[in-house]
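These are my notebook entries on a structure that I looked through step by step. I kept each entry to what I looked up and what came back.

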There are 2 protein chains.
Amino acid sequence: MIAMQKQLLLDTHKRILPYIHNTPVLKSRSISKIAGAELYFKCENFQRMGAYKMRGATNAILQLSGEARSRGVVTHSSGNFAQALSLAAKSLGVKAYIVMPTSAPRIKIKAVESYGGIISLCEPTLIAREAGSDKIQKETGATFIHPSNDDEVILGQGTAALELLTEIPDLDTIITPVGGGGLIAGTALAAHYFGNNCRVIGAEPFEADDAYRSLISGKIEGNESTNTIADGLKTVLGDRNFPIIQKYVDSIIRVSEDEIISAMHLIWERMKIIVEPSSAVALAAVLREKEIFDGLKVGIIISGGNVDLEQLPF
Amino acid sequence: MIAMQKQLLLDTHKRILPYIHNTPVLKSRSISKIAGAELYFKCENFQRMGAYKMRGATNAILQLSGEARSRGVVTHSSGNFAQALSLAAKSLGVKAYIVMPTSAPRIKIKAVESYGGIISLCEPTLIAREAGSDKIQKETGATFIHPSNDDEVILGQGTAALELLTEIPDLDTIITPVGGGGLIAGTALAAHYFGNNCRVIGAEPFEADDAYRSLISGKIEGNESTNTIADGLKTVLGDRNFPIIQKYVDSIIRVSEDEIISAMHLIWERMKIIVEPSSAVALAAVLREKEIFDGLKVGIIISGGNVDLEQLPF
């Protein structure tokens, strides 16, 4: 587990700040009214490449030695982390090898290409992805960077909550979506060290509720199926982030697909900002369990805004 | 024509500021790169009720006497001004009577209702709208407020550019969409008094190019048809705003429907903000006539973000 020192988060933030945006915190009078709570949206959809993953990817590369950087980095991802690692690497003059499944949407492959990622396509199974990335590591000496189960990635993702708490220090709760666990683990560390008794709650689709079940069973659970529109939340926790989540996360709220779509529609309609389904999961959780948040100051991490505009659910 | 004094705009801004948002100015690295110019987006899609029209409506009501306010205000509009007048009136404890055509989208009628507007439906012709609003004026003594051809409305709309120029004083050009002429006339006054040789350019669909033709002919021209997705730009100029436009607006650029949709898609995709088609017309004009804007600092008024999410063009 990460050496839990406040200073680590501050150093991380200072390290990555030249390469990321300190994103705005927005409020919505009408959504706060609907929720019965004072909501603060940390808008990582306005982050570079459209998601918080830019933070962790940048930090992981910056922590490599000069020699390691010269050999490049590699990951397997079909989602935002592929884009984040590509753009972070490009900003730092490093090669990024990205293993993507042949099933990845054309739009995501094109995005990775546009950020300069070097793509290898593989069969859409975890085994094929890992084999593809192992092969690249052996051939090039590139360093493997995991999208969520990596200490430097976790610290990087935690800087979003660090910025949020710097701006709104007296939040009662921060809620984030839970996918691979990097965002919520980093958020939990930031809330622990920089919050004022600030609770952290996770939000997850019923259709991919591995974190909910993992916290109950005390071990990392998988998902039998992941039939959710929140495509960023299909992954499972890892051994680096799970202990942090166990220690510092209060609870996980699960939401239905209808609740996710309806929360996404509400944010688009009232706030005029584009958020991806995975981000809407956090607001959906607040609206589902209103009594928990009644009258509180609640921070919501809007994780990203990368949506295929031709494939909207409404 | 308006008495053209710098002070009038400053007074207007001070008057309405408690009731409106000073909206953010956003930049987009990637869209500026595509345009070959430094673009500053004044985001009136984040304005209260989602459009700049809140400014003019608020100012028009605030300039009424207490007695006139007690009798209420009336307008005919199927679009953003109906919502703006309703919300501005509600904020100020004034009744707003709104004459809307039976053809108005259900979503717009519901929005006006939600802001407390008192709706009268009429046949979808200008004659029926005017008759409906005349009748209400006679019966209630309410003051008619025109959506764009009213000095106080024009001054109110000009405060968006005033805020933009306060934040970015050295803009070379400001570009706005042109519908009824209130926004561009107010913007032209603000640029004249507060800009540093800042040009104002209008943007209009080819399908509703009345302002373009009016500037050529020297008189207010109508539209034979208005087959455009930019539903806020179907109206024509008026005798209060046309002289200001003639005097202070540099030129009008016309764009195709495809260019509007493509600019709207670009803003949604890259900036992660929701803008309505009428707003995208301004960026479409910059992208169509790149050589005019090459290397310049260009302000773009994003007029609003009220879109029916179930009826998107992509």
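**Strands of chain A**

I began with the pairing of β2(A), which runs parallel to strand β10 (residues 297-302) of chain A and is joined to it by six bridges. The model is a predicted one, and I kept that in mind throughout. I then looked for another partner of β2(A) and found strand β1 (residues 25-26) of chain A, which is antiparallel to β2(A) and joined to it by two bridges. Here A:Val25 is the residue that stands opposite A:Lys42 in β2(A). I also checked burial: five of the six residues of strand β2 (residues 38-43) of chain A are buried, so the strand is largely enclosed by the rest of the structure.

**Nonpolar core**

Which residues touch the most other members of the largest nonpolar core? In that core of 200 residues, I found them to be A:Leu85, A:Ile300, B:Leu85 and B:Ile300.

**Domains of chain A**

I looked up the division of chain A next, and it gives domain 1 (6-51 + 150-302) and domain 2 (54-144). The C-alpha centres of domain 1 and domain 2 of chain A are 24 Å apart, and the contact between them takes 21 residues from domain 1 of chain A and 16 residues from domain 2 of chain A. On the side of domain 1 of chain A that touches domain 2 of chain A, α1 (6-16) and α8 (151-167) of chain A each supply at least two residues, and the largest share, eight residues, comes from α8(A). Sorted by class, I read that side of domain 1 of chain A as nine nonpolar, seven polar and five charged residues.

**An open sheet in chain B**

I turned to chain B, where four strands form an open sheet with parallel pairing, in the order β5-β4-β3-β6. At its edges stand β5 (118-122) and β6 (143-144) of chain B, each with a single partner strand, so one side of each has no neighbour in the sheet. I checked one pair within this sheet and found strand β4 (residues 96-101) of chain B in parallel pairing with β5(B) over five bridges, with B:Leu121 in β5(B) as the bridge partner of B:Met100.

**A helix residue in chain B**

I noted B:Leu266, which lies in helix α12 (residues 257-271) of chain B. Is B:Leu266 buried or partly exposed? I found 19 other C-beta atoms within 10 Å, where buried would need 20 or more, so B:Leu266 is partly exposed. Its C-alpha atom is separated by 9.7 Å from that of B:Ala284, 18 residues apart along the chain.

**How the two chains relate**

Last, I superposed chain A on chain B, which takes a rotation of 180 degrees with 0.0 Å of shift along the axis, at an RMSD of 0.0 Å. That is the relation of a two-fold axis, and in chain A the C-alpha nearest the axis, 2.1 Å from it, belongs to A:Ile273. For the interface I found 14 residues of chain A in contact with 14 residues of chain B, the chain A side having seven nonpolar, four polar and three charged residues. Because 100% of the interface residues of chain A are also interface residues in chain B, the copies meet through the same surface.

How values were computed. Residues are numbered from 1 along each chain as its sequence is written. Chains are lettered from A and ligands numbered from 1 in the order in which they are written. This is a predicted model: local features need pLDDT of at least 70, side-chain atom pairs count only at pLDDT 80 or more; totals for chains, interfaces and linings use all residues. Copies are superposed by least squares on the C-alpha atoms of residues with pLDDT of at least 70 in both. Two residues are in contact if their C-beta atoms, placed from the backbone, lie within 7 Å. Two strands pair if DSSP finds at least two bridges between them. A residue is buried if 20 or more other C-beta atoms lie within 10 Å of its own, exposed if 12 or fewer, and partly exposed in between; C-beta atoms are placed from the backbone. Ala, Val, Leu, Ile, Met, Phe, Trp, Tyr, Cys and Pro count as nonpolar, Asp, Glu, Lys and Arg as charged, and the others, Gly among them, as polar. A nonpolar core is a set of buried Ala, Val, Leu, Ile, Met, Phe, Trp, Tyr and Cys residues joined through C-beta atoms within 7 Å. Domain bounds come from an automatic or database domain assignment.
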